[in-house]
Amino acid sequence: MSDQVELLLQVNGAARRVEAWPLERLLDVLRHGLGLKGTKEGCGEGECGSCVVIMDGKLVVSCLVPALEADGSSITTIEGLGGEAGLDSMQQAFVDEGAAQCGFCTPGMIMAANALCQGGRTMDHASIREGLAGNLCRCTGYMKILAAVRKAGGARP
Ligand code: FES
Ligand code: FES
């Protein structure tokens, strides 16, 4: 008999049922249970931002969210951005500005940057830097990342 529990989530606009172990993390459910490998595991301790997703409208570090806590919630991952028309504006700006090197931090950066610029809020350079301070890029491509976020967010100079 399995000791797994069944979770019902709304993921990227679709209802998903998934089995999870009681102590599993949302990150594991997304990557292994649902095959959404765009969400990355870096530190596993809430320090690097590579695993961030939107849960019920808020940015969360999925490595620190117990799977059981996510039951019934609505999740958006990097796979949920854009659509048939193509990439969303932040993804496109990262492409245009060459803001991804190895790409490991990129999904988390884009999720965090979109949350930062939510509602068309215009951000200045310092605000973007501060807003993305929890997202680490091991390739240290910060200048291009900031340029992409400024471009997509319509930031003030
Ligand atoms: S893997 Fe979650 S914050 Fe680093
Ligand atoms: S592009 Fe490699 S970690 Fe950021």
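**Exercise 1. Helix 3 against helix 4**

Task: In this predicted model, classify the packing of helix 3 and helix 4 from the angle between them.

Solution. 
- Step 1. Locate the pair. Helix 3 spans residues 89–96, and helix 4 spans residues 106–116.
- Step 2. Read the geometry. The two helices pack at an angle of about 130°, and their axes are 9 Å apart.
- Step 3. Apply the cut-offs. Roughly perpendicular covers 65 to 115 degrees, and roughly antiparallel means over 145. Helix 3 and helix 4 are therefore oblique to each other.
- Step 4. The crossing of helix 3 and helix 4 is right-handed.

**Exercise 2. The residues at that contact**

Task: State which residues of helix 3 meet which residues of helix 4, then sort the contact by class.

Solution. 
- Step 1. Take the helix 3 side: Met90, Gln91 and Phe94.
- Step 2. Take the helix 4 side: Thr106, Met109, Ile110, Ala113 and Asn114.
- Step 3. Sort them. The contact has five nonpolar residues, three polar ones and no charged ones.

**Exercise 3. How enclosed is helix 4?**

Task: Decide how far helix 4 is enclosed by the rest of the structure, and name what covers its buried residues.

Solution. 
- Step 1. A residue is buried when its relative accessible area is under 20%.
- Step 2. List the buried residues of helix 4. They are Thr106, Pro107, Gly108, Met109, Ile110, Met111, Ala112, Ala113 and Leu116.
- Step 3. Draw the conclusion. Nine of the eleven residues are buried, so helix 4 is largely enclosed by the rest of the structure.
- Step 4. Name the cover. It includes strand 3 (52–55), strand 4 (58–61) and strand 5 (74–76). Helix 3, helix 5 (125–131) and helix 6 (142–153) are also part of the cover.

**Exercise 4. Helix 1 and its end**

Task: Find the buried residues of helix 1, their packing partners and the backbone feature just after the helix.

Solution. 
- Step 1. Count. Helix 1 covers residues 26–33, and six of its eight residues are buried.
- Step 2. Name them: Leu26, Leu27, Asp28, Val29, Leu30 and Arg31.
- Step 3. Find the partners. These buried residues pack against strand 1 (5–11), strand 2 (14–20), strand 3, helix 2 and strand 5.
- Step 4. Step past the end. Just after helix 1, Gly35 has a positive phi of about 70°.

**Exercise 5. Two residues: Thr77 and Leu68**

Task: Is Thr77 buried or exposed, and how does Leu68 count?

Solution. 
- Step 1. Judge its accessibility. Thr77 has a relative accessible area of 0% and is buried.
- Step 2. Check its neighbours. Leaving out residues up to four places away in sequence, Thr77 touches Asn12, Leu30, Leu36, Thr39, Val53 and Met111. Among them, Leu30 is a buried residue of helix 1, and Met111 is a buried residue of helix 4.
- Step 3. Turn to Leu68. Leu68 lies in helix 2 (residues 67–70). At 44% relative accessibility, Leu68 counts as partly exposed.
- Step 4. Check its contacts. With residues up to four places away left out, Leu68 touches Val5, Leu7 and Pro22.

**Exercise 6. The whole chain**

Task: Describe the order of elements and judge whether the chain is as compact as a globular protein of its length.

Solution. 
- Step 1. Count the elements. The chain has six helices and five strands.
- Step 2. Read their order: β-β-α-β-β-α-β-α-α-α-α.
- Step 3. Compare sizes. The radius of gyration is 16 Å, close to the 15 Å from the globule rule for 157 residues, so the chain is as compact as a globular protein of that length.
- Step 4. Of the 157 residues, 41% count as buried.

Terms used. Residues are numbered from 1 along each chain as its sequence is written. Chains are lettered from A and ligands numbered from 1 in the order in which they are written. This is a predicted model: local features need pLDDT of at least 70, side-chain atom pairs count only at pLDDT 80 or more; totals for chains, interfaces and linings use all residues. Side-chain values use heavy atoms; hydrogens and water are left out. Axes are lines fitted to C-alpha atoms, for helices over the stretch in contact, and angles run from 0 to 180 degrees between N-to-C directions. Helices (H or I, at least four residues) and strands (E, at least two) are DSSP runs, numbered from the N terminus. Angles under 35 degrees count as roughly parallel, over 145 as roughly antiparallel, 65 to 115 as roughly perpendicular and the rest as oblique. A crossing is left-handed if the near helix is turned anticlockwise from the far one by less than a right angle, and right-handed if clockwise. Contact means heavy atoms within 4.5 Å. Ala, Val, Leu, Ile, Met, Phe, Trp, Tyr, Cys and Pro count as nonpolar, Asp, Glu, Lys and Arg as charged, and the others, Gly among them, as polar. The radius of gyration is taken over C-alpha atoms; the globule rule is 2.2 Å times the number of residues to the power 0.38. Buried means under 20% relative accessible area, exposed over 50%, partly exposed in between (1.4 Å probe, protein chains only).
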